[in-house]
Structure formats: C-alpha cells, structure tokens
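Hi everyone, thanks for coming along. Let me put the model on the screen, and then we can walk through a few spots together.

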Amino acid sequence: MTRWRKVHGLRSSVTVAFALGALALSAALALGTYFSARHYLVEQRERTAMRQAFTDAAFVRDNLLTSGAQVSDVLGSISPPAGTVIFVHRDGRWYSSSLDLPGPEATSGVQPVVATGAAGVGWTSVTEPGAVVVGVPLPAVDAEYYEVAVAEELDRTLSTLGIALAICAAVTTLGGAMVGRAASRRVLAPLADVTTAAVKVSAGDLDTRLDRTEDPDLAALVGAFNNMVDALHERIQQDARFAADVSHELRTPVTTLTTSLSLLQGSTDLSPEVARAVELMAVELARFRRALEDLLQLGRLDADVHDAQPAEIGVRDLVRQALLAGGRAPALLVAECDPLREAHVTVDRPQMLRALTNLFDNADTHGGGLVGVRLKPRGTFVDIHVEDGGPGVPAEDRERIFERFARAGGRKLGTGSGLGLSIVARTVHNHGGSVWCTTRPGGGATFVLRLPLVHGDDA
Amino acid sequence: MATRLLVLEDDDGLRTSLRLVLENEGYDVVEAADAEVALEAVDQPGVDLMLVDLMLNGMDGFSFIRRARPQTDAPIVVVSARDGVQDIVAALEAGADDYVTKPFVVEEVQARLRALLRRPAMVSEGTRSREDDVFVLDSGNGPLVFDRGAAILTRGSRELHLTNTEFRLLGVLVDHAGRVLSRSALLEHVWDRGFFGDERIVDVHVRRLRRKIEMDPGTPSVLVTVRGLGYRLDVR
C-alpha cells in the first residue's frame with residue numbers, strides 16, 4: 001500500500017480507498033437485499049405452486065375415484081396454467097399433460113418425500129429456467145400426483161432485481177470515488193498554498209507568508225511554516241548585514257591604500273625590483289578594490305530595489321551606450337529588430353549598463369574577445385545576445401558561472417572579482433528578466449540577456 | 001597661484017594619503033579633521049575646491065555643506081562611503097557639486113576636481129564679442145539676463161547668485177538654447193562624466209538652478225523638462 005501510494009500520490013490513494021469502501025458497503029447491502037428478497041420470493045412461489053397443486057391433485061383424485069376413469073382422460077380434462085406440467089404416477093406408469101418433459105427426471109427430487117406419504121416441494125433444473133416441483137400422494141387412488149411449474153416470472157424478477165442492485169452498487173462505488181476525490185482535494189488544498197509559498201520563498205521572495213487560519217488542524221502547519229520563513233529571512237539578513245558591514249569597513253582602508261600606492265607608482269627613483277613589486281601590489285589592489293565594489297553592488301542589489309530608478313530607454317540605445325562606456329565599437333551591435341519599431345525596455349540605466357559591461361568584459365577576459373551583440377525580439381521580451389569567440393563554456397558550468405565567486409578555468413593575475421556574472425544575474429532578475437549561457441553557432445559562447453519589453457503608447 | 005583645496009575627512013590615513021597625492025599634483029591642500037575646523041577655513045577667502053566626507057564625528061558632512069554653501073561658490077566634491085540614493089541626493093541638494101564613492105581611485109577624484117575647476121567663462125571662450133555674451137533669457141516681469149562674459153545673472157535689477165557649477169550648467173544650456181539636451185549630454189558637458197555618470201546629479205542641479213531663475217520653480221517656463229529626453233532652455 002505504501003509503495004503504491006508513493007507511486008500514485010495521496011489524492012489517488014484517498015480516492016481509491018473511498019471507492020473501495022463504497023464498493024464493499026454497497027456490495028454487502030446489495031447482496032443482502034438480493035438474497036433476502038430471493039428467499040421471500042421463492043417461498044412465496046412455492047406456496048402458490050403448492051396451493052395450485054393441492055387443488056389440481058384433489059380434482060384428479062376425485063375424477064379417478066368416481067368412474068374409474070383413465071388417468072390420461074382425467075389429465076386431458078384439466079387445463080393447467082401456462083408453463084405448468086402435470087404428471088401422475090400410477091401403477092409404475094407415468095402420465096403427463098405434456099409430452100415435452102420426462103416425468104421421472106423432472107420430479108426425481110420430490111419422489112422420495114412423496115413415497116413416504118407426505119406432500120413434497122422441490123426444485124428442478126431440467127427446465128430452463130428452473131421449475132417448482134410439487135408432489136402430492138394420492139393414496140385413495142393409489143397414485144402420486146406431481147405438478148412442475150416453470151418459475152419464469154420469478155426468474156425474471158430476480159434477474160431484474162440483480163441488475164438493479166448491481167447498478168446501484170456501481171453507482172455507489174463511483175459516488176464514493178467522487179466523494180473521495182473531493183475530500184482529498186479539500187484536504188490537500190492547504191498543501192497547494194504551502195507549495196506556492198515555498199516556491200516563492202525559494203525564488204527569493206522572503207516576504208511570503210501563509211495566511212493565518214482558524215482551522216486547528218492547519219494552524220500548526222501554518223505557524224511552523226511562517227516561523228521557518230522568518231528564521232530563514234533573519235538568517236539571510238544577518239549574512240547580508242555582515243557582508244555589508246565588512247565591505248563597508250573596508251572602503252576607507254582600501255581607498256587609503258590605493259591612494260598611497262598611486263604616489264609610489266608615480267615615483268621615478270625606485271629600483272626595478274621595487275618598481276615591479278609596486279606594480280604587483282597595484283594590480284592586486286585594483287582587483288581587491290573591484291571585488292569590494294562588486295560586493296557592495298551585489299549587497300545593494302540584494303538589499304532592495306528602492307535604489308533603482310527605472311526609466312524607459314530604447315534597447316539599441318542602451319546597448320550602444322554600454323559599448324561606448326567600455327570604449328568599444330558601436331558597430332559590434334547587430335540589431336535584428338524592425339528598425340522602425342524601436343524596442344523599449346524599462347531599466348535602471350546605470351545598473352543595466354554595468355550588467356552589460358560585465359558581460360562584455362567577461363567576453364574579453366574569458367571568451368577570447370567580444371564578437372558581436374545581437375538583438376532579437378521574442379514576443380513580449382527582447383533577447384540581447386552577447387557573443388564571444390572563445391572556447392565556449394562547458395555545459396556543466398553554464399549555470400554555475402552565475403554563482404558568486406564561481407570561476408571557469410584558472411586564475412590569472414588581475415582578472416575579475418568572480419562576482420561580475422552574479423551581478424548580471426541579480427540585476428536582470430530584479431528587472432523581471434533572465435540570463436543564461438549557450439553556445440554560438442560558429443563556436444564560442446553566447447550570453448543571452450532577456451528583458452521584458454515596454455508596450456506603451458509613447459514607446 | 002596654486003589651487004587651494006580643502007580636504008574634510010576624519011580618517012587620518014585617508015586624509016594624509018589624499019594630501020600627499022594631491023600636493024604632488026600641485027594643489028595647495030588644507031586638511032580638516034572635523035567640520036568646525038573646515039568651516040573656519042571656509043571663512044577665510046581663498047579656498048577654491050573642497051573634498052568633503054559625509055560621515056564625520058560631530059557635525060556631519062551634510063550640515064557642513066549647508067553651512068559652507070552661502071559662504072563660498074567653490075565646487076564641493078563629496079567623498080562618501082554612503083552610496084544610497086537618499087544620501088547622494090541629500091548631499092547634492094545641500095549644495096554639493098559632484099560625488100565620488102569609496103573605494104575610489106585617486107585619478108577619479110582628480111578628474112572630478114578638474115572638471116569642476118573649469119571656469120564658467122571658459123565655456124564661452126572663443127571669438128565672441130562682448131555683446132554676444134549677454135543673453136536675455138526671460139523678457140517677462142523683471143527680465144532675466146545672463147552675462148556670461150562677466151559671469152553675472154540678473155533678474156530685473158537684482159543679481160542672482162549662482163555657484164560655479166550652476167553657472168557652467170546655465171552656460172551649456174544657453175549654448176544650446178531651444179534644443180533638447182539629454183541628461184548624459186549635460187553630464188558630459190558640465191561634469192565631464194561618461195555614460196556611467198549618475199543622472200541624478202543633473203536633476204538635482206536643474207532643481208537648484210530653477211529655484212534661482214524661475215518665477216515659479218514648480219511650473220518652470222525657462223528651463224523646461226522634455227519628458228523622456230532631457231531638458232531645454234526656452235528663451236522668451
């Protein structure tokens with residue numbers, strides 16, 4: 001059962017359980033009804049048959065007594081009801097009102113009773129359907145009287161009853177299944193809310209809480225869930241605060257270091273060894289400073305989006321500005337939009353320029369140089385393809401590289417902070433878009449940045 | 001004469017390193033570890049530029065800027081570890097001209113200082129005659145007259161007081177009178193900043209300028225906003 005439930009789910013299990021319960025109950029009721037009704041009807045039929053048989057037997061006896069008439073004549077004078085055959089056994093001979101039925105077999109069940117001198121009733125299946133056999137001894141004329149009445153009506157009644165009860169049982173089973181389905185849905189409905197909330201929380205929306213409930217069965221779950229999210233939120237905030245505090249405390253010392261070092265760099269009276277050491281310090285300090293800047297930027301992006309000042313801008317304009325800001329050629333931009341219908345997006349310009357510049361820098365540092373930027377409209381979105389001419393990113397690294405401090409390949413002197421792509425991901429996410437990495441048809445990697453388009457009147 | 005630069009920074013290490021580098025660049029550096037000392041220095045004539053940290057012991061940088069602004073037109077560059085929007089806008093509203101956030105490279109500070117030091121009159125350098133330097137911006141009640149050669153702005157008989165940066169902003173707008181200037185173009189012309197520049201600098205300065213030149217700063221008629229594009233100076 002447990003294994004079955006694992007495979008088929010709670011809802012199906014509950015439905016099936018309800019259906020089986022309904023089936024068992026209705027089957028028991030139906031069988032009980034059927035058998036008690038059958039018992040009653042059979043008894044009634046037997047009584048009727050006996051009454052008829054006694055009447056007919058008396059008639060036959062009286063006729064045989066009077067004029068010593070022949071049995072066959074007496075039988076011929078009786079007109080039994082349809083489906084009833086009369087047998088008379090006298091002097092070892094069988095007389096019948098019908099030629100179709102062999103008397104000895106049809107009445108064999110009752111003969112021993114009649115032989116003892118008592119009237120007997122029984123059933124035979126020689127006929128189709130079965131028939132009631134009533135045997136009456138006629139000692140006055142030294143004969144045995146038998147009446148075989150085919151119970152056609154009883155059979156029809158019972159089969160009709162059987163069908164009706166079977167239909168009832170089936171309907172009840174179906175009803176049980178439906179009740180089970182409805183009940184399980186009702187019971188599982190709160191779980192759907194929990195699932196929705198959990199999905200939101202895991203997507204980063206830590207303000208999600210379940211609505212309070214009066215239901216005592218659910219209150220514990222709701223309370224536990226909300227407490228869990230509170231704890232998670234608190235923990236994440238603590239981490240973020242710690243990172244922010246550390247970064248913040250490092251700002252001034254790093255600034256002092258870079259400022260002092262710039263003085264050393266400008267000095268001309270250093271020995272070559274010292275000059276080389278100063279150069280190394282400068283390169284690494286620059287990297288340190290970039291990492292700190294990136295950390296601070298990530299902290300701002302994580303903390304809130306209140307800082308963002310979204311404004312509408314043409315995508316081509318945005319990409320052009322990003323190329324220019326990094327000192328790159330605007331001709332790298334290849335637009336595949338209808339030039340008349342300029343696509344617009346709503347973005348915080350400095351944030352998005354930074355994200356694009358990070359992608360361009362990434363292409364230059366790790367991807368053998370930026371090859372081109374393509375714009376492709378995709379329904380209500382626009383895709384910005386940043387293509388490089390490098391070796392591409394292995395499939396297993398394509399998600400990982402957007403994580404913080406993730407790196408593909410070794411560390412080179414003075415390369416990025418390891419945060420550039422996570423800043424891109426976070427920025428794009430905050431703007432309701434997405435970013436991913438794929439391969440470029442001609443080799444190399446393509447980073448696709450998808451942003452929602454503006455569909456305004458003044459777009 | 002060397003440009004006199006006031007450095008208001010309470011971190012001894014950073015203040016000293018800034019002095020060393022900027023003196024090396026030829027500035028005459030005056031150090032101040034707190035706002036009171038800095039205010040005394042501003043009271044004396046001769047401070048041409050200021051580098052001001054926002055988070056200080058005692059009086060903070062915002063209050064210092066508000067107190068110092070009436071005393072001097074010298075450009076103020078805010079140097080801050082605080083980079084929230086509210087902090088930057090508040091510092092600019094108080095009267096700062098530009099800002100640099102920590103951690104910075106000293107070249108960035110030098111670039112900001114150089115940009116702000118360009119004289120207002122330098123905007124109009126060239127072959128213009130004296131008459132060409134006088135612009136009537138608003139001929140309405142009490143005409144608004146901008147004399148760039150003499151760096152004087154008057155409304156009627158009253159002279160309006162502009163900081164160096166406000167003068168240069170107005171100069172650029174006058175140069176392109178009747179045409180829309182985008183925020184990034186203004187950033188480039190006035191602050192010498194590239195595409196990464198913060199457009200809020202422009203917005204705050206435009207607000208400050210409007211408070212001085214518009215009859216009703218809430219519904220500007222001279223320095224108008226062109227929604228989604230930038231600003232335009234309308235000569236009336």
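So, V145(B) stands opposite T154(B), which sits in β8(B). Please keep in mind that this is a predicted model: local features need pLDDT of at least 70, side-chain atom pairs count only at pLDDT 80 or more, and totals for chains, interfaces and linings use all residues. Residues are numbered from 1 along each chain as its sequence is written, while chains are lettered from A and ligands numbered from 1 in the order in which they are written.

Back to those strands. β7 (residues 144-147) and β8 (residues 152-155) of chain B run antiparallel and are joined by 4 bridges; two strands pair if DSSP finds at least two bridges between them. Helices (H or I, at least four residues) and strands (E, at least two) are DSSP runs, numbered from the N terminus. The order β6-β7-β8-β9 in chain B makes an open sheet of 4 strands with antiparallel pairing. β6 (134-138) and β9 (158-160) of chain B are at the edges with a single partner strand each, so one side of each has no neighbour in the sheet.

Next, a helix pair. In chain B, α3 (residues 61-68) packs against α4 (residues 85-94) at an angle of about 20°, and their axes are 8 Å apart. Axes are lines fitted to C-alpha atoms, for helices over the stretch in contact, and angles run from 0 to 180 degrees between N-to-C directions. α3(B) and α4(B) are therefore roughly parallel, the word for angles under 35 degrees. Who meets whom here? G61(B), F62(B), I65(B) and R66(B) of α3(B) meet A90(B), A91(B) and A94(B) of α4(B), where contact means C-beta atoms, placed from the backbone, within 7 Å.

Now some backbone details. K102(B) and P103(B) are joined by a cis peptide bond, with omega about 0°, and P103(B) lies in the loop between β5 (98-101) and α5 (106-117) of chain B.

D142(A) is in the loop between β4 (131-138) and β5 (143-150) of chain A. Is D142(A) buried or exposed? Exposed, because 10 other C-beta atoms lie within 10 Å of D142(A); the cut-offs are 20 or more for buried, 12 or fewer for exposed, and partly exposed in between, with C-beta atoms placed from the backbone. D192(B) has 15 such neighbours inside 10 Å and so counts as partly exposed.

How values were computed: Angles under 35 degrees count as roughly parallel, over 145 as roughly antiparallel, 65 to 115 as roughly perpendicular and the rest as oblique. Two residues are in contact if their C-beta atoms, placed from the backbone, lie within 7 Å.
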